[in-house]
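Subject: Structure handover

Hello,

Here is the structure I said I would pass on. My notes follow below it.

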Amino acid sequence: MESSLAERAKGGPFHMVTPLLESWALSQVAGTTVLLKCENVQPAGSFKVRGIGHFCQEFANRARRAPFCSRTGGNAGIAAAYCARKLGVPATIVLPEGASQRVVRRLQGEGAEVQLSGKVWDEANLRAQELAKRDGWVNVPPFDHPLIWEGHASLVRELKAALGSPPGALVLAVGGGGLLAGVSAGLAEVGWQHVPIVAVETRGAHCFHAAVEAGRLVTLSNITSVAKCLGAKTVAARALECTQEFKVLSAVVEDSEAVKAVQRFLDDERMLVEPACGAALAAVYSGLLGRLQAEGRLGPSLASVVVIVCGGNSISSQELQALKAQLGLG
Ligand SMILES: Cc1ncc(COP(=O)(O)O)c(C=O)c1O
């Protein structure tokens, strides 16, 4: 007999407990122990499967009759398509025009229908919302939902289990702010709310930094960064609230720093990640952590630094070469 949706939802969680690896090369650069939380090895290629998996499971548990459909973009889309396949429900994913063909093929490989709409993520998201409303399907939010944050918080529980005591700092990339909000929730849950979070964006996708500077949400007129997966025009309100409750240090790196970090990380650790993740890695490679220490915003001697290697599917060796050429990095 075929199993019900709720039964299949019980088969989760859809994410894996990821390795926490000490990086000799990054530790050399940072002058302290750097630990890599390897979200790049998640089954859908990024941390997104934590929050989206949790969201989909919750909805599958509630929607006992009708199958649901998810519509979102990029790594979030791949995570949603992956979870939908595991649950045996259809998924339609809306991506901005110009999305990588490899990502489109990956989504189709997961059995999802792909629609291209709008120039940037926000426009694709509007289309997704319209379609979900029209057809009564579930719109899986990529970053702005409490269930997404609850799901991402599992990452911090794993850190607590692996480390026991808190790290000196945590480094992560910010797009729409879901990872930041989820990690903050996790820190509060395990009693580590004092751990500084270095929240990195690339210039041209810096909606969180703009909001922190202005003290209110800011909508960027355009996304100009090559780190397209960080390209939300407005950050989630919860991410901005986190700056009041946690020690969040917002920082912006250049695209060239993020892409150089991707190349160095590939050479150092033999792992290829997309520029969105390069932004977090650039905090170490470009000396940002040292500058924050020199400014007194981070303590002078950090016990260890955890970098969330958020992963990402939008990269291949060819695309990395093209990005380097585009940015004049030779
Ligand atoms: C690889 C990667 N890193 C970081 C982020 C940023 O996550 P958030 O939108 O939750 O801030 C994204 C968002 O899609 C991503 O795909």
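Helices here are DSSP runs of H or I with at least four residues, strands are runs of E with at least two, and both are numbered from the N terminus. This is a predicted model, in which local features need pLDDT of at least 70, side-chain atom pairs count only at pLDDT 80 or more, and totals for chains, interfaces and linings use all residues. Residues are numbered from 1 along each chain as its sequence is written.

The 14 residues of helix 4 should span 20 Å at 1.5 Å a residue, and its end C-alpha atoms are 20 Å apart, which agrees. The expected span is 1.5 Å times one less than the number of residues in the helix. Helix 4 is largely enclosed by the rest of the structure, because 13 of its 14 residues are buried. A residue is called buried if 20 or more other C-beta atoms lie within 10 Å of its own, exposed if 12 or fewer do, and partly exposed in between, with C-beta atoms placed from the backbone.

Helix 3 covers residues 48-62, and its 15 residues should span 21 Å at 1.5 Å a residue; the end C-alpha atoms are 21 Å apart, which agrees. Helix 3 is mostly covered, with eleven of its 15 residues buried. Among the buried ones are Lys48, Arg50, His54, Phe55 and Cys56.

The ligand

Which residues come nearest to the ligand? Of the 21 residues around it, they are Asn75, Gly175, Gly178, Cys229 and Gly312. A residue is near a molecule if its C-beta atom, placed from the backbone, lies within 6 Å of it. Helix 4 (74-87), helix 9 (178-190) and helix 13 (275-285) each supply at least two residues of the shell. By class, the shell has eleven nonpolar, nine polar and one charged residues. Ala, Val, Leu, Ile, Met, Phe, Trp, Tyr, Cys and Pro count as nonpolar, Asp, Glu, Lys and Arg as charged, and the others, Gly among them, as polar.

Six strands form an open sheet of mixed pairing, in the order 1-2-8-5-6-7. Strand 1 (20-23) and strand 7 (248-253) stand at the edges with a single partner strand each, so one side of each is left without a neighbour in the sheet. On average, neighbouring strands of this sheet are turned by 25 degrees against each other, direction ignored. The axes are lines fitted to C-alpha atoms, for helices over the stretch in contact, and angles run from 0 to 180 degrees between N-to-C directions. Two strands pair if DSSP finds at least two bridges between them.

Within the sheet, strand 2 (residues 33-38) and strand 8 (residues 304-309) run parallel and are joined by six bridges. Thr33 has Ser304 as its bridge partner in strand 8.

Strand 3 (residues 92-95) is covered on both faces: Thr92 and Val94 on one side, and Ile93 and Leu95 on the other, are all buried. In a regular strand the side chains alternate between the two faces of the sheet. Strand 3 pairs with strand 4 (residues 113-116) in the parallel sense over four bridges, and Ile93 stands opposite Val114.

Single residues

Arg270 sits in the loop between helix 12 (255-269) and helix 13. Arg270 has a positive phi of about 60 degrees although it is not a glycine. Is Arg270 buried or exposed? Arg270 counts as exposed, because it has 7 C-beta neighbours inside 10 Å.

Ala258 is in helix 12 and is buried, with 32 other C-beta atoms within 10 Å. Ala258 and Val226 are 32 residues apart in sequence, and their C-alpha atoms are 9.2 Å apart in space.

Arg157, in helix 8 (residues 154-163), counts as partly exposed with 13 C-beta neighbours inside 10 Å. Arg157 and Val17 are 140 residues apart in sequence and 9.9 Å apart in space, C-alpha to C-alpha.

Regards
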